[in-house]
Every structure is written in C-alpha cells, then in structure tokens.
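User: Hi! I am new to protein structures and would like to walk through one with you. Could you help me read it?

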Amino acid sequence: MTEKADDGAMPFIPEDRTLLLVDDDAPFLTRLARAMETRGFEVTIANTVKEGKEQARARKPGFAVVDLRLEDGNGLDVVAAVQDARPEARIVVLTGYGNIATAVAAVKLGAVDYLAKPSDADAIEAALLAKEGDKANPPENPMSADRVRWEHIQRVYELCDRNVSETARRLNMHRRTLQRILAKRAPK
C-alpha cells in the first residue's frame with residue numbers, strides 16, 4: 001500500500017496495477033494497451049459499455065481508462081461500475097467531445113482526471129498515478145492546434161461513416177471546405 005504524506009493528501013494507489021481500458025476505437029485501444037503493458041500494467045480491454053461493466057465486476061481493476069462515448073452507450077456507466085466494484089480504483093475518462101458538464105459528472109462518479117483525445121500513454125499514466133492536487137506536467141511535444149483540429153475532423157468523419165455531407169453538417173462547416181481539408185495531408 002502506498003504511504004500517506006504528512007498532510008494526508010495522497011490517496012491510496014492500488015499496487016496490483018490491473019488496468020481496464022474501454023474504448024470503441026480498436027486501433028487506439030490496441031496501441032494504448034501495448035503501451036500500458038510496457039509500463040507495468042496488467043491490461044484488460046473492452047470495446048463496449050456492456051463489456052466494460054462485465055470486466056469491471058469480474059476483474060475489479062485498480063485502474064481504468066474509459067472513453068466517454070461508446071457505440072452502445074455512455075462510458076460514465078462503466079466508471080460507475082468500476083467504482084462499485086472497487087471504490088479505491090483510479091479512473092481516467094477520455095473523450096473527443098469534452099465539455100464542462102461531462103467532466104464534472106465524471107469526477108463526481110469517481111474519475112481522478114478527464115483527458116481530451118487524442119492523449120498519449122505518458123499523459124494517461126501520469127493522470128492515473130498523480131497524487132491528489134498535483135497538476136500534470138505539460139506535454140514535451142504537444143500536437144499543434146492545426147493537428148488537433150485535423151484529428152477532430154477525421155474522427156467526426158469516421159463516425160459519420162465517411163459521409164462528407166453529414167460530417168459538414170455536424171461540424172457546422174461548408175461541404176466544400178470540408179472536402180478541401182480532407183484532401184490535404186495531416187498537419188504536423
């Protein structure tokens with residue numbers, strides 16, 4: 001068990017390093033699982049809310065990283081299931097659709113942090129292992145604003161089944177402008 005600091009601010013951090021990853025983006029999930037395994041975590045993955053809740057009950061992980069929006073529902077349901085299974089679990093919520101209301105809801109359900117996608121394994125590990133009240137270090141090599149914008153557009157495009165008109169409507173963007181953006185390479 002992790003010892004408490006003199007001021008009592010440091011929470012219990014599970015030693016077993018069991019980690020539940022829940023995300024419906026299969027390539028991202030696979031990369032993150034490999035990266036977290038190399039950092040010493042014993043990783044279990046799930047692609048849906050249903051699978052995530054089942055794994056939370058069965059494995060009782062010490063740590064969890066949960067995407068907010070999943071194909072079959074809301075990742076906050078998985079956060080609640082992890083907290084029910086293991087109240088001291090350290091949970092980080094990931095989302096490409098960040099807003100204050102969902103961040104507050106995630107923290108109230110027991111999440112220790114709320115990160116915008118795409119997040120790298122270093123940022124996720126830092127959030128999982130951070131002491132209470134510590135601020136995360138800024139990334140050494142953050143994505144440019146243009147790259148973040150491009151990633152967001154690509155994600156919405158994929159979620160709209162690569163339908164340009166629907167993507168443009170959801171992004172409140174002219175269809176031809178979106179077509180020009182999609183035709184270009186990803187910015188650095």
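Predicted model: local features only at pLDDT ≥ 70, side-chain atom pairs only at ≥ 80, totals over all residues.

User: In what order do the five strands form the open sheet?

Analyst: Let's begin at the edges, which are β2 and β7 (111–116), since each of these pairs on one side only. Neighbouring strands are turned by 15° against each other on average, direction ignored. The pairing in this open sheet is parallel, and the order is β2-β1-β3-β6-β7.

User: What is the handedness of the unit that β1, α1 and β2 make?

Analyst: Follow the chain from β1 through helix α1, residues 26–38, and on to β2. Helix α1 lies across β1, β2, β3 and β6 (90–95), and runs at about 170° to β2. The β-α-β unit made by β1, α1 and β2 is right-handed.

User: Are α2 and α3 roughly parallel or roughly antiparallel to each other?

Analyst: Two packed helices are described by the angle between their axes and the distance between the axes. For α2 (residues 49–59) and α3 (residues 76–85), the axes come within 8 Å and cross at roughly 10°. Angles under 35 degrees count as roughly parallel. The two helices, α2 and α3, are therefore roughly parallel.

User: How do the residues of the contact of α2 with α3 divide into nonpolar, polar and charged?

Analyst: First, see who takes part. From α2 come Val 49, Gly 52, Lys 53, Ala 56 and Arg 57, while α3 brings Asp 77, Val 78, Ala 81, Val 82 and Ala 85. They divide into six nonpolar, one polar and three charged.

User: The side chain of which residue meets Asp 16 in a salt bridge?

Analyst: Side chains of opposite charge can pair when their charged atoms come close. A search of the whole structure finds seven salt bridges. Asp 16 sits in the segment before β1, and its partner lies in the loop between α3 and β6, 70 residues apart. With an N to O distance of 2.8 Å, the partner is Arg 86.

Conventions: Residues numbered from 1 in each chain as written. Heavy atoms only, no water. Right-handed = clockwise from strand over helix to strand, strands pointing away. Helix = DSSP H or I, 4+ residues; strand = E, 2+ residues; numbered from the N terminus. Axes fitted to C-alpha atoms, helices over the stretch in contact; angles between N-to-C directions. Parallel < 35°, antiparallel > 145°, perpendicular 65-115°, else oblique. Contact = heavy atoms within 4.5 Å. Nonpolar A, V, L, I, M, F, W, Y, C, P; charged D, E, K, R; others polar. Pairing = 2+ DSSP bridges. Salt bridge = Lys/Arg side-chain N within 4 Å of Asp/Glu carboxyl O.
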